Amino acid sequence: MYYQIYLLHLLDGTVIDVAEDYELPEEKGLIGRYRKADPNEIFVIGDRMVGFAYVPKSSILYISTGQVKKGEA
């Protein structure tokens with residue numbers, strides 16, 4: 001399985017790595033959810049292993065595309 005890495009750049013200078021399945025359709029992934037989100041929506045980023053971050057859409061300055069990485073199946 002391959003993962004697309006995105007970098008969320010926040011207003012305070014923090015950068016958060018987000019990974020999602022490379023084959024996930026755009027409208028179901030981070031970019032599609034971001035485009036459709038209300039200005040006050042909060043994104044939940046993370047998983048049970050590393051924990052979660054709660055990021056308001058209004059705190060995201062921009063999203064950049066990182067690498068595509070191969071993960072363990």
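I began with I45, which touches L8, I16, V18, G51, F52, A53 and V55, leaving aside residues up to four places away in sequence; contact here means heavy atoms within 4.5 Å. I noted that this is a predicted model, in which local features need pLDDT of at least 70 and side-chain atom pairs count only at pLDDT 80 or more, while totals for chains, interfaces and linings use all residues. Residues are numbered from 1 along each chain as its sequence is written, and side-chain values use heavy atoms, with hydrogens and water left out.

I placed I45 in strand β3, where strands (E, at least two residues) and helices (H or I, at least four) are DSSP runs numbered from the N terminus. Is I45 buried or exposed? I45 is buried, because its relative accessible area is 8%, and buried means under 20%, exposed over 50% and partly exposed in between (1.4 Å probe, protein chains only). I also looked up the pair I45 and D17, 28 residues apart along the chain, and found their C-alpha atoms separated by 9.1 Å.

Next I listed the largest nonpolar core, which has twelve residues, I45 and I16 among them; such a core is a set of buried Ala, Val, Leu, Ile, Met, Phe, Trp, Tyr and Cys residues joined through side-chain atoms within 4.5 Å. At least two of its residues come from each of β1 (2-10), β2 (15-21), α1 (30-36) and β3 (42-47), and β1 gives the largest share, three residues. I16 touches Y6, L7, L8, L10, I45 and V55, again leaving aside residues up to four places away in sequence.

I then turned to the largest pocket, whose lining includes D17, V18, R33 and I45. A pocket is an open set of points on a 1 Å grid over the protein atoms alone, with protein on both sides within 12 Å along at least five of seven lines, and lining residues have an atom within 4 Å of a point. β2, α1 and β3 each supply at least two lining residues. I recorded a volume of about 190 Å³, taken as the space filled by probe spheres set on the points, which are joined across faces, edges and corners.

For contrast I looked up N40, which lies in the loop between α1 and β3 and is exposed, with a relative accessible area of 72%. N40 and S58, 18 residues apart in sequence, are 6.5 Å apart from C-alpha to C-alpha.

Note on methods:
On a 1 Å grid over the protein atoms alone, a cavity is a set of points where a 1.4 Å probe fits but cannot get out, and a pocket is an open set with protein on both sides within 12 Å along at least five of seven lines; lining residues have an atom within 4 Å of a point.
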